[in-house]
Amino acid sequence: MAGGNERSVKALKEVWRRAENSLCADCGKPGESPRAARGRVGSRGWSLAAVWSTGCLDCTQAWDPDWASSTLGVFICLSCSGIHRNIPSISKVKSLKMDHWDDAQVQFLAKHGNAVTKATYEAHIPIYYYQPTYNDCQVLREQWIRAKYERKEFTEPGKQLPYSDGVKEGILWKRGRDNGQFLPRKFLLSEREGCLKYFTKQDAKEPKINIKIDVINATFQPVKIGNPNGLQITYLKDNKTRNIFVYHESGKVVDWYNAIRSVQFHYLKVAFPIASDNEVSQALSPYICHLFRSQQREAFKKRWFTLDHRRLMYFKDPLDAFAKGEVFVGSRENGYSVQKGLPLGTQGNFSWHYGLTIVTPDREYLFTCETETDQLDWIEAFTSIINQAMTPQEYLLPFKHKTLQV
């Protein structure tokens, strides 16, 4: 906006004010608040008059995303703008506050904007495809942006996609359970067979493991695995949850992730024919992993916990193949609930002060989180699960009444 004539500046502000442009077109992130940005104004050399503010500098009202693509016509956040810069043949990124916008560029933004551009590039997204948010890892967000604008995967109906044909085969680097080394392994995902297999050798006839698709979950864990393309695959083995840690040498690991979701979606559609597509797709949603503490004998010990749908599991080491214990998280109508904070009078030597309490018919589980954000994330995840009615299959789960032994 800097250096633009008055007419262009006014027109740009009007486009910027549209409700459709209030969130990042790619990750849904709102702009930062004026209060948060105030401390950076002087360091960037902005004058207060040069900053277009939609609210008071002393409040927490969010600004709209302050970057845009002059070639795509979308408004985006700072993080997504960095990804757009890596595809310069597709997207030219400019700051709405600091860069000059000529009349033609402003008119292009006015003609497009987030709504119009989304209608083109997100017209035919498969129901099972995971659309990342600003809370997701870099590889998910980058491949989502490239899929939309660079590869144009969602512009036409029925387009053949690398994760949509029910079969996927290739090499993933798998972490050894005992030695911790990552070695290349051939993986095969088959919708027809309803399973995921991996082979220790390229020419092996029999798989090392054959995993049924209905017991698989997958989440991205780049920090825990130590690779930006790291994927954690969990499944049930002898009624216990087993972890496999893999990575791909490129962002194509996202294709594997969506291929698993595709196969699971079609399996569930057959298993639950009366369920709507939206109901089935919600069952594919991944749940988060965080590091926090649990209580035992009036002492809080550091443990890694994973919530995988209704299974809450703990691990002494984040890369353990098997959980040390797990507990079933039922529904509210069966006596389960989550509460913010710890019961009055709780004693213990703990340094993390953001507590939460999981109430089950048998006992209460007390946890503390390192940050308030972690606490709220966990409460949201537990609430989502507890508010869902249990299926007949979940009433039959053999581990339903187990308790965590930390």
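1. Among contacts in the protein between residues at least 6 apart in sequence, 57% join residues at least 24 apart; contact means heavy atoms within 4.5 Å. This is a predicted model, in which local features need pLDDT of at least 70 and side-chain atom pairs count only at pLDDT 80 or more, while totals for chains, interfaces and linings use all residues. Residues are numbered from 1 along each chain as its sequence is written, and side-chain values use heavy atoms, with hydrogens and water left out.

2. The secondary structure comes to 11 helices and 17 strands. Helices (H or I, at least four residues) and strands (E, at least two) are DSSP runs, numbered from the N terminus. Of the 406 residues in the protein, 49% are buried. Buried means under 20% relative accessible area, exposed over 50%, and partly exposed in between (1.4 Å probe, protein chains only).

3. The largest nonpolar core has 55 residues, and those that touch the most other members are Ile 76, Leu 189, Ile 216, Phe 220, Leu 231 and Ile 233. Helix 8 (residues 253-271) gives the most to this core, with nine residues. A nonpolar core is a set of buried Ala, Val, Leu, Ile, Met, Phe, Trp, Tyr and Cys residues joined through side-chain atoms within 4.5 Å. A second, separate core of 21 residues includes Leu 307, Val 327, Leu 356 and Cys 369.

4. Leaving aside its neighbours within four places in sequence, Leu 231 is in contact with residues including Ala 218, Thr 219, Phe 220, Ile 225, Ile 244 and Tyr 257.

5. Helix 1 (residues 6-16) and helix 4 (residues 103-111) cross at roughly 15°, and their axes come within 10 Å. That makes helix 1 roughly parallel to helix 4. Axes are lines fitted to C-alpha atoms, for helices over the stretch in contact, and angles run from 0 to 180 degrees between N-to-C directions. Angles under 35 degrees count as roughly parallel, over 145 as roughly antiparallel, 65 to 115 as roughly perpendicular and the rest as oblique. On the helix 1 side, Arg 7, Ser 8, Ala 11, Leu 12 and Val 15 meet Asp 103, Val 106, Leu 109 and Ala 110 in helix 4. The residues of this contact divide into six nonpolar, one polar and two charged. Here Ala, Val, Leu, Ile, Met, Phe, Trp, Tyr, Cys and Pro count as nonpolar, Asp, Glu, Lys and Arg as charged, and the others, Gly among them, as polar.

6. Helix 3 (residues 78-85) packs against helix 6 (residues 138-150) at an angle of about 55°, with the axes 10 Å apart. The two helices are therefore oblique to each other. Ser 79, Cys 80, Ile 83 and His 84 in helix 3 meet Gln 138, Arg 141, Glu 142, Ile 145 and Tyr 149 in helix 6. Four nonpolar, three polar and two charged residues make up the contact of helix 3 with helix 6.

7. Lys 92 sits in the loop between helix 3 and strand 3 (93-95). With a relative accessible area of 44%, Lys 92 is partly exposed. Beyond neighbours within four places in sequence, Lys 92 is in contact with Ala 68, Ser 69, Ser 70 and Thr 71.

8. Two backbone angles deserve a check. Most residues other than glycine have a negative phi. Lys 152, in the loop between helix 6 and strand 4 (167-175), has a positive phi of about 50° although it is not a glycine. His 309, in the loop between strand 12 (299-308) and strand 13 (311-315), has a positive phi near 55°.
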